[in-house]
Amino acid sequence: MFRKVLIANRGEIACRVIRTCKLLGISTVAIYSEADAEAPHVKMADEAFLVGAPPVAQSYLNVDRILEICQETGVEAIHPGYGLLSENTGFALRAQSAGITFIGPSVEAIAAMGSKIESRKAMIAAEVPVVPGIARPLADAEEGVSVANEIGYPVMLKASGGGGGIGMQVVHTDEELRKAYAGNQNRAKQFFGDDAMYIEKYIEEPRHVEVQILADQQGNTVYLWERECSIQRRHQKVVEEAPSPFLDAQLRQQMGEAAVRAAKSIGYSNAGTIEFLVDKHRNFYFLEMNTRLQVEHPVTEAITGLDLVAEQLRIAAGEALGYSQAEIKMDGHAIEVRIYAEDPKTFFPSPGQITAFEAPQFDFVRNELAVGPNSKVTPFYDPMIAKLIVKGKDRTEAISRMQQALDHYRVEGIKTNIPMLREVMAHAAFHAGDTTTDFVAKHIQKK
Amino acid sequence: MTEITASMAGNVWKVLVKPGDTVEEGQDVVILESMKMEIPIAADFGGTVKEVKCEEGGFVNEGDVLVVVED
């Protein structure tokens, strides 16, 4: 096992990684920007180093400075967390050349899943279902029209390098497609420097269900069941739960096995997540693979009893999994909500000075916090300030416990989405497990 | 005379108008940036820009006056 690890991240995830390192007796090195000098992760780590000015390009993405600190402090490995440098092949390569272990999959595996078109080809070869469409960029809008007529409208027009909803549009007619093509191609070129466009069947009433996998460097791969993450705003997840209320044992096994095939086909090791769309007829389709730890990993930890960060560290250090698929347990039901510093109605960011902060304390609650009672929430980073996770013996108990926990959550000085989360937890459609990706637009925003 | 205010706290990313400019209702005058999100602020009435009360790179709070417009 490693003796010393640098955490190339901030916020709650840096704190969460440091916590497991401490449990395993690993020394920790934190990095921070000028805006984060007082942040919790800086205080928790054994050593902490300033990397630069507040904007991420000058601090948390400052690869030269981060690698310098690695050399100076003699760390053996880097945990990238999620976002920031976690799926950056250039960074992983440079760490590797410097003799430092990147805690994640190989550079080749990150690259294989980094392009939507390349990953789709790989999944078709591995017999993992993909959304009907074509696996190569369109030549022009007219080719798009002819493909759309083959697979049937509505179709989704997507940019290969896209993310966060940018460069994506649902179209219903030839005319709409022609119009959308030019606009989205321009935007894709501007934002991602890549104007390759592709097209696929639009899945109606979709659910976002993802499968967590773990793979060691010896070739053992297991799946740790699924997470249902359909409740989103601005294409970002807000509520996540495990298991999914929509899956039965047979579908769970089919999706789990498909996820393992996907991972094995690209020689994947470490923790990873295969995201699927599931339609109302229970067909599932590969969406993308996240080659890192996910924000919502705690719900999987709650039902399996595993510590995913500890598993990541062991795998990166070369240890074998030491258990088989049949030994993975599934116990109870867990729900996570993301607490965002934002207006609960418009979802506009709300940075500022926190004047009072109290997270609920119950034995069924897990709090992951990026802030404390006197924290200042700066406008430089993601608006997520905390995660709240509860576990119950079943979904009904988990929902009622989440409601109880949210009633005891107190944040003053800034606006948060807590009122919106309470609304979701109280909603009959949520209780019925009727959670599709348009949940927020359909049930919360329309009032 | 009417004031265009910030609908959220954040950094001023771009100022799109200068004093003397004519703006139309619905025209973006300032783009704010906060927490990885860009929010254009539009004029809710037309007129002539009398004063720009923010600068690019500066920080504004929700409700701060960004631009003053005269009919």
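Mentor: Start with pairing: two strands pair if DSSP finds at least two bridges between them. Strands (E, at least two residues) and helices (H or I, at least four) are DSSP runs, numbered from the N terminus. This is a predicted model, where local features need pLDDT of at least 70, side-chain atom pairs count only at pLDDT 80 or more, and totals for chains, interfaces and linings use all residues. Residues are numbered from 1 along each chain as its sequence is written, and chains are lettered from A and ligands numbered from 1 in the order in which they are written.

Trainee: How do you know that strand S4 of chain A and S5(A) pair?

Mentor: S4(A), residues 77–79, and S5(A) share 2 bridges in the parallel sense. At least two are required, so they count as a pair. Ala77(A) stands opposite Thr101(A) of S5(A).

Trainee: What is the order of the strands in the open sheet of chain A?

Mentor: The 5 strands run S3-S2-S1-S4-S5, with parallel pairing.

Trainee: Why is one side of S3(A) and of S5(A) left without a neighbour in the sheet?

Mentor: S3 (47–52) and S5 (101–102) of chain A stand at the edges and have a single partner strand each, so one side of each stays without a neighbour there.

Trainee: What makes residues of chains A and B count as in contact?

Mentor: Their C-beta atoms, placed from the backbone, must lie within 7 Å. On that definition, 10 residues of chain B are in contact with 9 of chain A. S2 (10–15) and S5 (37–42) of chain B each supply at least two residues of the side of chain B that touches chain A.

Conventions. Contact = placed C-beta atoms within 7 Å.
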